[in-house]
Amino acid sequence: MSIARSINAVRALKSSSSKLALPKRNLATPVNTNLYTPVLPAKIPAVLHLKSGQSYHGENFGSENSKFGETVFSTSITSYTDSMTDPSYLGQILVFTSPMIGNYGVPSNASPPGFPGIPYLESEKIQCTGVVVSDVALKYSHYKAVESLHEWCKRYDVPGITGVDTRAITSLLRDQGTTLGRLAVGDESLKPAPSAGEFWDPSAENLVAQASTKQPYVLNPEGKGPKIALLDFGTKANILRSLVKRGAVVTVLPWDYDFNSIRDQFDGLFLSNGPGDPKQIMETALRVRETIDQWDKPIFGICMGHQVLGLAAGLEAYRMTFGNRGHNQPVLALASSGSINAGRVYVTSQNHQYALKLTEDFPEGWAPFFINCNDSSVEGIISTPESGKRVWGVQFHPESAGGPLDTIEMFTDFVNECQFGRSGGSNMIAGEVKIGGSDAKAAAEISASA
């Protein structure tokens, strides 16, 4: 083809292309939302008062009502909607270290396909008492978004403050520990800070009783997998999804339900996460001790459930300085069990203020399962092969939401153990415990100094 003919062909192509009706590009956020006409908060002053004497001034978003709570921080950089709906944050004023929060809005919380009765987020509502951010995004963009962070917080009566130095607040909380606070809005922000006696301490209350279901209910009743009872201390929805996804029929029970009276109906027991001090529910820990002593079926506990298992085993729970909240906590496996390999470091999602104390002499029949590579706290316990029991507890969240999924297969291990058990279909029993309590302390010191 000659050069002239080539030029004419290109001109003809351009001419015809200009007449084509090209498809319009879809927007990331549906056009029926308020993205282009966002509901903006009024310019209302707000201040975060800490019991330790500091005050941080900014502007309000969300609810215009003032609230008390325990001031904590999270290092997570995504999934603010999941964090805010996590029942473990009940009663807490949540400081996000990530500089911008709200940029992808808030999705609908309707049950996702395949999981009827389980919300899309981690619970039915916002659980934290207040939110502290450096920069709140009032415009958002995400294909699942239906409202802004401001609108969502306002709808659930949760005040927020923006325009404050969250780096300074986080540094302070890391140095002195979590502290009680008050998020004052509007005219309340112009008043003097509360006196020490006026601050509300949520840990003095039984927060588990507030977060737990009030009536038993069943999920996936037609499931073909094992029947698992779940003691609800304030469970995250993704724990329920992770069990149902693997075929389990899950019966969710209130925190103080007498499981021992019906335990023979089930193939396993799951102890969920939850807010507050585990010693507030010692009566439950004592019933779990009876279950462990008299029952030979699998038991798995996460977060608060892990601490309840520890109390039942005879370990001591203590309050940490500032706790672990974020999606990047490294833990070292000290035992091999199922999908977990001793000696490997796993990155985990965590949200807790209390932990089990690492002692040189663990109770008979128990061994440390994981330790935290940063602060040497106990991240898991496991029954030894000699005990004849099948019990595991982890302080972190294998199901995440949000966060890494390094340990998600622990759910598969547990469900398989409940379904197949000692018949040989599972390998979750601790085949090898690499080190005991005294060695664990040395390993913790090495990992923390590495």
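Which strands does helix H4 lie across? I looked this up first. H4 covers residues 166-176 and lies across S1, S2, S3, S4, S7 and S11. I noted its angle to S3, where H4 runs at about 90°. The model is a predicted one, and I read every value with that in mind.

**Entry: overall make-up**

I found ten helices and 23 strands in the chain. Of the 450 residues, 56% are buried.

**Entry: the barrel**

I traced a closed barrel of seven strands, in the order S1-S2-S10-S7-S4-S3-S11. Its pairing is mixed. From one strand to the next, the twist averages 35°. I looked at how S1 meets S11. S1 spans residues 45-50 and S11 spans residues 179-185. Five bridges pair them in the antiparallel sense. I picked out leucine 50, whose bridge partner in S11 is glycine 181.

**Entry: the open sheet**

I turned to the sheet of ten strands. This sheet is open, with mixed pairing, and I read its order as S12-S14-S13-S15-S16-S22-S21-S20-S17-S19. S12 (217-219) and S19 (345-356) stand at the edges. Each has a single partner strand, so one side of each has no neighbour in the sheet. The twist here averages 25° from strand to strand. I checked S15 (residues 268-271) against S16: they run parallel and are joined by three bridges. Leucine 271 has glycine 301 in S16 as its bridge partner.

**Entry: nonpolar cores**

I asked which residues touch the most other members of the largest nonpolar core. They are Leu243, Val250, Phe270, Phe369 and Phe370, in a core of 35 residues. I listed elements that each supply at least two residues of this core, including H6 (237-245), S14 (249-253), S20 (366-372) and H9 (409-420).

**Entry: H6 against H9**

How do I describe two packed helices? I use the angle between their axes and the distance between the axes. The axes of H6 and H9 come within 9 Å and cross at roughly 50°. The two helices are therefore oblique to each other. I logged the crossing of H6 past H9 as right-handed. On the H6 side I found Ile239, Ser242 and Leu243, which meet Phe411, Phe414 and Val415 in H9. Leu243 is also one of the residues I noted in the largest nonpolar core.

Notes. Residues numbered from 1 in each chain as written. Predicted model: local features only at pLDDT ≥ 70, side-chain atom pairs only at ≥ 80, totals over all residues. Heavy atoms only, no water. Pairing = 2+ DSSP bridges. Helix = DSSP H or I, 4+ residues; strand = E, 2+ residues; numbered from the N terminus. Axes fitted to C-alpha atoms, helices over the stretch in contact; angles between N-to-C directions. Contact = heavy atoms within 4.5 Å. Core = buried A, V, L, I, M, F, W, Y, C linked by side-chain atoms within 4.5 Å. Buried < 20%, exposed > 50% of the residue type's maximum accessible area, 1.4 Å probe, protein only. Parallel < 35°, antiparallel > 145°, perpendicular 65-115°, else oblique. Left-handed = near helix turned anticlockwise from the far one by under 90°.
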